Amino acid sequence: MGLYQKPTATRVTEMVNEAWDVKTTSGGDSHHAQRPMQALKYFIRQQLGDQLSPPQERRVKNLLDRLAREGAVLDYNRETGIAFAPRTPADGRRVMRWPEGKDLPSQELQAAMELPPPVGEN
């Protein structure tokens, strides 16, 4: 049929970059490679069924543990980069704070941004 779907990693990176206008430069002040940013992308990829390496899986686990421990969500500022911010009701169960006024992505990507249910809850 000639249909082509972008690789999951590309789709996730494009979604995060579009939502947050992530600073990507060739200099040392780029934000796309900050550890929490990478862990966020790994998490969403994993939720979409992508296979991760053991180090990537550890980053996802560490991210989820910290978000739960701190009651936090990942937020982004183009000047300072990614940060752990206190979770608000507007964040829902998303791992990343969605920018006000920006359209949400597809249902599939929205679901992939959701925290897993707490242990023992289905």
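**Close-ups of a predicted model**

**View 1. Helices α1 and α2 cross with their axes within 9 Å of each other, at roughly 125°.** This is a predicted model, so read every view here with that in mind. Two packed helices are described by the angle between their axes and the distance between the axes. With that angle, α1 and α2 count as oblique to each other, and the crossing of α1 past α2 is right-handed. On the α1 side, the contact is made by Thr 8, Ala 9, Val 12, Thr 13, Met 15, Val 16, Asn 17 and Trp 20. Facing them from α2 are Met 37, Leu 40, Lys 41, Ile 44 and Arg 45. Sorted by class, that gives eight nonpolar, three polar and two charged residues.

**View 2. Here's the largest nonpolar core, with 29 residues.** The members that touch the most others are Val 16, Trp 20, Leu 40, Ile 44 and Met 96. At least two core residues come from each of α1, α2, α3 (54-70), β1 (72-77) and α4 (107-112). Helix α2 supplies the largest share, six residues. In soluble globular proteins, nonpolar side chains tend to be buried together.

**View 3. Zoom in on Ile 44 and its contacts from elsewhere in the chain.** Once neighbours within four places in sequence are set aside, Ile 44 is in contact with Val 12, Met 15, Val 16, Met 96, Ala 112 and Met 113. Val 12, Met 15 and Val 16 also turn up on the α1 side of the helix contact, with Ile 44 itself on the α2 side.

**View 4. Thr 8 sits in helix α1.** With a relative accessible area of 19%, Thr 8 is buried, the cut-off being under 20%. Skipping residues up to four places away in sequence, Thr 8 touches Arg 45, Leu 48 and Asp 50.

**View 5. Asp 21 has a positive phi, near 50°, and isn't a glycine.** You'll find Asp 21 in the loop between α1 (8-20) and α2 (35-47). Its relative accessibility is 43%, so Asp 21 counts as partly exposed.

**View 6. Asp 91 is a loop residue, between β2 (81-86) and α4.** The C-alpha atoms of Asp 91 and Leu 74 are 9.8 Å apart, with the two residues separated by 17 residues along the chain.

Technical notes: Residues are numbered from 1 along each chain as its sequence is written. This is a predicted model: local features need pLDDT of at least 70, side-chain atom pairs count only at pLDDT 80 or more; totals for chains, interfaces and linings use all residues. Side-chain values use heavy atoms; hydrogens and water are left out. Helices (H or I, at least four residues) and strands (E, at least two) are DSSP runs, numbered from the N terminus. Buried means under 20% relative accessible area, exposed over 50%, partly exposed in between (1.4 Å probe, protein chains only). A nonpolar core is a set of buried Ala, Val, Leu, Ile, Met, Phe, Trp, Tyr and Cys residues joined through side-chain atoms within 4.5 Å. Contact means heavy atoms within 4.5 Å. Axes are lines fitted to C-alpha atoms, for helices over the stretch in contact, and angles run from 0 to 180 degrees between N-to-C directions. Angles under 35 degrees count as roughly parallel, over 145 as roughly antiparallel, 65 to 115 as roughly perpendicular and the rest as oblique. A crossing is left-handed if the near helix is turned anticlockwise from the far one by less than a right angle, and right-handed if clockwise. Ala, Val, Leu, Ile, Met, Phe, Trp, Tyr, Cys and Pro count as nonpolar, Asp, Glu, Lys and Arg as charged, and the others, Gly among them, as polar.
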